[in-house]
Amino acid sequence: MAGFDAARALAQYDPGKLTIATVCSHSSLQIFHGARREGFRTLGICKGKPPRYYDAFPLGKPDAFFPVHEYADLLDHAEELRARNVVIIPHGSFVEYMGTDNYEKLQVPTYGNRHVLPWESDRVRSRQWLVGAGIRMPEVIEDPKDINRPCIVKYMGAKGGRGFFIARNYEEFKKRIDSTAKYHIQEFVLGTRYYIHYFHSPLTGDGYTLPGGGSLQMLGVDRRDESIIDEAHRLGSIYELEEMGIQPSFVVTGNFPLVMRESLLGEALDMGARVVAKAEELFGGLWGPFCLETVITDKLQFKVFEISARIVAGTNPYITGSPYSDLIAPELSTGRRIAQELALATKLGALGRVCT
Amino acid sequence: MAGFDAARALAQYDPGKLTIATVCSHSSLQIFHGARREGFRTLGICKGKPPRYYDAFPLGKPDAFFPVHEYADLLDHAEELRARNVVIIPHGSFVEYMGTDNYEKLQVPTYGNRHVLPWESDRVRSRQWLVGAGIRMPEVIEDPKDINRPCIVKYMGAKGGRGFFIARNYEEFKKRIDSTAKYHIQEFVLGTRYYIHYFHSPLTGDGYTLPGGGSLQMLGVDRRDESIIDEAHRLGSIYELEEMGIQPSFVVTGNFPLVMRESLLGEALDMGARVVAKAEELFGGLWGPFCLETVITDKLQFKVFEISARIVAGTNPYITGSPYSDLIAPELSTGRRIAQELALATKLGALGRVCT
Amino acid sequence: MAGFDAARALAQYDPGKLTIATVCSHSSLQIFHGARREGFRTLGICKGKPPRYYDAFPLGKPDAFFPVHEYADLLDHAEELRARNVVIIPHGSFVEYMGTDNYEKLQVPTYGNRHVLPWESDRVRSRQWLVGAGIRMPEVIEDPKDINRPCIVKYMGAKGGRGFFIARNYEEFKKRIDSTAKYHIQEFVLGTRYYIHYFHSPLTGDGYTLPGGGSLQMLGVDRRDESIIDEAHRLGSIYELEEMGIQPSFVVTGNFPLVMRESLLGEALDMGARVVAKAEELFGGLWGPFCLETVITDKLQFKVFEISARIVAGTNPYITGSPYSDLIAPELSTGRRIAQELALATKLGALGRVCT
């Protein structure tokens, strides 16, 4: 993005030949499926040979593949991708595989605001953003000696659900900590987890409108399924497991569909709206799909433990619609909603407004 | 209802302008969505300003709102509501917000049998009803000294999933009880929970017919998701949590879709049929949507711990159909089924038969 | 099958009057629903009077019933069934109710390869098959003295989720074992369970093609819901329950829909393909629906603890499609996919290729 003018690049595009591209993983079946339904060409970026699994899911298979040796090589192919009228839809694995720096540098129009990245990936800044938006978050404990309730301790740079542990007090902390590593401590919030899928369009003025313009949708809710923690109870409590030498881990393996109480929808939407408003103030905005990862306490309060500023894999149960998107339009996935937005932006001549 | 003749009131209605109304919460999006699909006008009753969340779900938004200062004020607006050809669809929050007494007094035609309320809300009478229908229920323990297996102790008047505790013996009971409060003790049934959504129509004579007339459907099954109990195991067993000063709570935050073994469907339907038959005997019947809240033991027996005599929020995962309703008709939610029943009743001149 | 030539029997059939039959349980609503959608006649085999529950689910009700006194009596009705152009769709309960021996002897064309049965039901041979296909399985512990991590001990011939226990070491094994019974010990794999629904067609050459011919689909994923183990944590850890005299049981009561990480789909399909290839080598093939019952560890590795060589009840949440089948064709259940395959086989004159 540094020095990259997406609007200028898009001005050279043939609007009738826009190609939706993403990395072949995460939610790409959904993204390609949605893009196809809206009439777009699709391109699957892959490392090495095109993966075979798309053959089993023909409606989610891209029209063509774009194999690279390393994802970072995409930087060198920017011109070619632009020549093919490519708009990139980033997902969590896309950003992870490319690396934050490369992702920011990629000279190809990318749907969404890439300026969100430093705010999302840095714990201090993301808290500033969310708390600044009036969102309740789990408390941070600065000094392990202050652990006076169940806490989750996360090692810095821990990836993919490992490198966490739970401590109820300083003794447990000392017992479990790897003293050579940097860590971060926050309150373990008791409740039930709801991952809320939003979509913010700055281009539409109907529906749930926002003070800063545009409108907000809520397309679904899921719960992540994490190995081993979510089925560890079949063998014993996490303390009994510890006695067997087994530490809980939190590696996402899939997602469950679910719905939340209707009486919480007002607050859910309002949280989304506040997060969008604060993003506008801090770094130019947040649009397209995003997700607030919440715990609902037994006082029916949301606590948000993380934000994802793009499509989450938790939307994958809803390829042909969720109980929420069914109240908006038939068979509306997040992937399809993205494609609709790009179609609208094309029609309005506003692609430069929604890509960076 | 006291002194209110719904049939007489309905005789004054313009049958082509029937308006389906409910309180803006719980399952109202589904009720309005279903009503719209069957061509009805819809009216959202709300306390204060109309809630904004409907703007995000246009297919579930009522045509108009009916704001009141307090829900009890509805009593004073009965004439106006009748003049607008309103039929009220009660849901759990409707009854809770208005209060049982006011709900019973409301002089507006209400779908379903309001005479069920004293039988449903009173523990002794509901047990008389269900056990009288041959339903297996958890055992009641009269004297806490007799606690000889895991029991759930519920404080009288406890609301919304708090005010419960678990005790395995008298010692645990004594340790946990708030001796100033009244309580009720019943066996904690081990197994898996299935909340079965039924619909009884006294107006249709095909399908799964009942001896007393009409027919029974099973439109879906869900499981309630309760905070903190359903994810508490991520932090430890409930006994380990107690050592941390944390008591389990059972506050419903949402619902999961699921299906039960096909071999249990016969018994599930039969239970529903027996509950309807007994209701006819005891208080004039039970029709429309209702729910049996069951545990399936590892002997594949149902134990029913509660009945809800109207639409439950557990139907919300199924806005466009469940794996069960898909075997009846496409895209059939409970909300839509209610609207179909009112359309049929209108056609048959039988609105007075299904409203009280 | 012994001495039964399905192809020869099918040569006498009126291909325009093929009748799809199964036993009235398990996944029969789905099988009949799918068969009806593809235009087949349907026949419900039942013990005694036809079950009433089909009346509540008209789109899953068979056109006719075939009542028998005992399921084994079907052997004597083979000629009549063949005269009615019956093809049997076996499901888990079908095989269980008839008994393996009778099922093998039944002189009626049966969809799928009945030669799989001895390989599937015998622990040693199924391991030979799966491990031979390069599938990772839980380790077997031959001597209980070697139990050095959590293990699951299963009594021989234990049925329906009872007759299991968990032991972490030899002491626990000795404490819990019924020394009069035969048993089998294997590692308890920690992780999250995914039951993957495959469909192998030897008749189609597009999609995810296999080296041995034909193609493979993945139609869905579910998780079994087991009483009491899956909700036992609400009362305490399994060790705390043991102190109350309660042993965990694993009786399947239903199924949840879910999805897995997209990055695991490649391996999931590849496992299915290898299992099919090995089946061809060992016993003439595996086609139609089958299921690998897996645990995904926190290293994102699959471990397969069982195979089902026919339709599983875990497909029942997906009567009108799953998030995976929605990427293949609209409203495609496994039951419907079976019917489509029989329609194709009829058209190609290849019924004898897919029935035994």
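Which residues of α10(A) are buried?

1. Welcome to this predicted model, where local features need pLDDT of at least 70, side-chain atom pairs count only at pLDDT 80 or more, and totals for chains, interfaces and linings use all residues. Residues are numbered from 1 along each chain as its sequence is written, chains are lettered from A in the order in which they are written, and side-chain values use heavy atoms, with hydrogens and water left out.

2. To the opening question: the buried residues (under 20% relative accessible area, 1.4 Å probe, protein chains only) of α10(A) are Leu265(A), Ala268(A), Leu269(A), Met271(A), Gly272(A), Ala273(A), Val275(A), Val276(A), Lys278(A), Ala279(A) and Phe283(A).

3. Just after α10(A) comes Gly284(A), with a positive phi of about 90°.

4. Chain A has domain 1 (1-112 + 329-356) and domain 2 (144-188 + 225-254), with bounds from an automatic or database domain assignment. Taken over C-alpha atoms, their centres are 37 Å apart.

5. Now look at the lining of the largest cavity: 24 residues take part, and Asp230(A), Phe256(A), Asp230(B), Phe256(B) and Phe256(C) lie nearest its centre. A cavity is a set of points on a 1 Å grid over the protein atoms alone where a 1.4 Å probe fits but cannot get out, and lining residues have an atom within 4 Å of a point.

Definitions and conventions: 1 Å grid on protein atoms, 1.4 Å probe; cavity = no way out; pocket = protein on both sides within 12 Å on 5 of 7 lines; lining within 4 Å. Buried < 20%, exposed > 50% of the residue type's maximum accessible area, 1.4 Å probe, protein only. Helix = DSSP H or I, 4+ residues; strand = E, 2+ residues; numbered from the N terminus.
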